[in-house]
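Please read this note with the model open beside you.

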Amino acid sequence: MTRPPAERARIRDRLLDGARFLVTSHARPDGDSLGSQLALAEALTQLGKEVRLVNADPPPARYAFLPGASAIEVAGSVEEDGADTVVVLECGSLARTEVSGLAGRFVVNIDHHAGNTGYGAVNWCDESACACGELVFELVEALGAKLTPSIATNVYVAILTDTGSFRHANITARTFDICRRIAGAGVDAAAVAARVFNNGSLGRLRLTGRVLDRMQLEAGGRIAVLAVDEAMLRETGCEADDLEGVVNLPLAAGDVKAVVLLKAFGAGLRVSLRSKDEIDVRRVALSFGGGGHRNAAGLTLEHPAPDARARLVAGVAAAIAESLPA
Ligand code: AMP
Ligand code: MN
């Protein structure tokens, strides 16, 4: 899907007309989902709207400094609460919210994932956006809200984190244009980067070392497989969120073309996939019931079979082979 300005205008009108909103995003929130949610919530509040923010999981510690983050309620379900409209950000499907009670309500779906299921009453899905935060920025402008330092900071965190610190695909002139404008509105880029990237625990550093130390190579060294279990978290005093970003590290080696990270804790097996260039790991994720982007995708296996690792590696190896010129 390409950008349909008509959808954005419909969403703007709906938001301007409404009075009470529920704004949610995906479970296990990240910088893009939180930054997008908080920027939009502040714009709506400025316009005199009542906004309720609900997520299935709390913000990770590194994002607790985001302006407005303390207003987020953590709940796995919402009852009929009188909101006119539910805004779902950064979710390829409604199930990604892991919040029940949303189906059947008037849902506005704003997202940048390929293959978004179009679950909303209005759907604005633009894969060319580097982050959902880009779309939210445009919506904030369209609403006529004032671009405050806090909105700007939230949009910046969304873009900074979803582009892997300005390294991923989908970074365009629009990305830098938005960054220029939010910088002008008062973003302190160095301070934001320090809070997000240089404020972790020593345990996180130890966990990273341990995970990399146990890295296995497959497909002639082109696939790096990382695995983490409950014991590794416990021994390093870490939580699942401390793994954020670790999956990208093997890509620093030129020979490594893709990464499979297996997270065996909590319910089922959660898997993160990363790749370089044209290698499409989203299709691998889709074949296991997950989703994501070409170079960053994920999936959850509720009941992983003993050969799950081998099947994932085979899928990624096939994606690498497909990406090579014939
Ligand atoms: P992660 O590896 O968790 O950082 O996720 C990378 C990308 O894959 C993100 O864009 C997610 O939206 C997507 N993703 C992760 N897990 C799933 C899943 N179970 N279903 C659909 N998409 C997912
Ligand atoms: Mn995103």
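1. Basis. This is a predicted model, in which local features need pLDDT of at least 70, side-chain atom pairs count only at pLDDT 80 or more, and totals for chains, interfaces and linings use all residues. Residues are numbered from 1 along each chain as its sequence is written, chains are lettered from A and ligands numbered from 1 in the order in which they are written, and side-chain values use heavy atoms, without hydrogens and water.

2. Metal site. Which residues hold the manganese ion (ligand 2)? Asp32 (OD), Glu90 (OE), Glu90 (OE), His112 (NE2) and Asp162 (OD) coordinate the ion at 2.0 to 2.7 Å. Donors are N, O and S atoms within 2.8 Å of the metal (3.2 Å for Na, K and Ca); water is not among the atoms, so sites may look incomplete. Along the sequence, the donor residues follow the spacing D-x57-E-x21-H-x49-D. Aspartate 32 and histidine 112 are 80 residues apart: the aspartate sits in helix α2 (residues 31–46), the histidine in the loop between β5 (107–111) and β6 (122–125). Helices (H or I, at least four residues) and strands (E, at least two) are DSSP runs, numbered from the N terminus. Both aspartate 32 and histidine 112 are buried. Buried means under 20% relative accessible area, exposed over 50%, partly exposed in between (1.4 Å probe, protein chains only).

3. Helix α2. This helix is mostly covered, with 13 of its 16 residues buried. Aspartate 30 caps the N-terminal end of α2, with a side-chain oxygen 3.2 Å from the backbone nitrogen of aspartate 32. Just after α2, glycine 48 has a positive phi of about 85°.

4. Salt bridges. How many does the whole structure hold? A search finds 21. Each is a side-chain nitrogen of Lys or Arg within 4 Å of a carboxyl oxygen of Asp or Glu. In one of them, arginine 52 meets glutamate 79 at 3.8 Å, N to O. Arginine 52 is in strand β2 (residues 50–55), and glutamate 79 is in the loop between β3 (73–74) and β4 (85–89), 27 residues apart. Glutamate 79 is partly exposed, at 49% relative accessible area.

5. A buried pair. Aspartate 81 and arginine 105 form a salt bridge, their closest N and O atoms 2.7 Å apart. The aspartate is in the loop between β3 and β4, the arginine in the loop between β4 and β5. Is aspartate 81 buried or exposed? Aspartate 81 counts as buried because its relative accessible area is 16%. Arginine 105 is buried too, at 13%.

6. A helix-to-helix link. Arginine 283 and glutamate 322 meet in a salt bridge at 3.0 Å, N to O. Arginine 283 lies in helix α9 (residues 281–287) and glutamate 322 in helix α10 (residues 308–323), so the pair ties together parts 39 residues apart in sequence. Arginine 283 is partly exposed, at 48%. Glutamate 322 is exposed, at 53%.

7. Network. Salt bridges that share partners join Arg52, Glu73, Glu79, Glu80, Asp81 and Arg105 into one network.

Definitions and conventions:
Polar contact = N/O pair within 3.5 Å; in protein donor to acceptor, adjacent residues only side chain to side chain.
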